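Please find below my note on the model under review. The remarks are set out as numbered points.

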Amino acid sequence: MIIANFFNQSKPINFLILTIAALIIFIEAIFLDVYADGNVPVVSRLILNLFLFLLIVFLHNFLTRKNGLTKNNTYALYLFVLLFAIFPKVLFNTIFC
């Protein structure tokens with residue numbers, strides 16, 4: 001019930017918390033990638049992946065807001081960030097690196 005009340009209205013604190021959660025998910029995915037593969041990722045690759053990840057998250061938020069898919073809440077962004085938490089290997093499947 002607390003989560004439903006928190007994400008029910010769009011506030012700047014919601015975006016800050018979801019951005020911090022996305023960064024934690026990204027850092028956790030880095031450690032999972034390092035320990036699973038045994039290789040140390042290149043810093044430029046990590047910075048590029050982080051930039052693309054945050055760009056995709058905020059682009060998703062912009063598109064859902066612009067098209068009126070969510071009225072005045074941040075549920076769609078919350079579910080999108082949680083989707084990356086479920087599948088962390090997706091963060092490193094890029095065509096650029």
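1. The model is predicted: local features need pLDDT of at least 70, side-chain atom pairs count only at pLDDT 80 or more, and totals for chains, interfaces and linings use all residues. Residues are numbered from 1 along each chain as its sequence is written, and side-chain values use heavy atoms, with hydrogens and water left out.

2. Helices are DSSP runs (H or I, at least four residues), numbered from the N terminus.

3. The buried residues of H4 are Ala76, Leu77, Phe80, Val81 and Phe84. Seen down the axis, they fall within an arc of 135° and so line one face of the helix; the arc is that of the directions from the helix axis to the C-beta atoms. Leu79 and Ile86 are exposed on the other side of H4. Buried means under 20% relative accessible area, exposed over 50%, and partly exposed in between (1.4 Å probe, protein chains only).

4. Phe26, Phe53, Phe80 and Phe84 form one aromatic cluster. Rings of Phe, Tyr and Trp (its six-membered ring) pair if their centres lie within 6.5 Å; planes under 30 degrees apart count as stacked, over 60 as edge-to-face and the rest as tilted. The count comes to 3 aromatic pairs. Phe53 and Phe84 are edge-to-face, because their ring centres are 4.9 Å apart and their planes at 85°. This pair links distant parts of the chain, with Phe53 in helix H3 (residues 43-66) and Phe84 in helix H4, 31 residues apart.

5. Leu16, in helix H2 (residues 12-37), is partly exposed at 47% relative accessibility.

Conventions. Helices (H or I, at least four residues) and strands (E, at least two) are DSSP runs, numbered from the N terminus.
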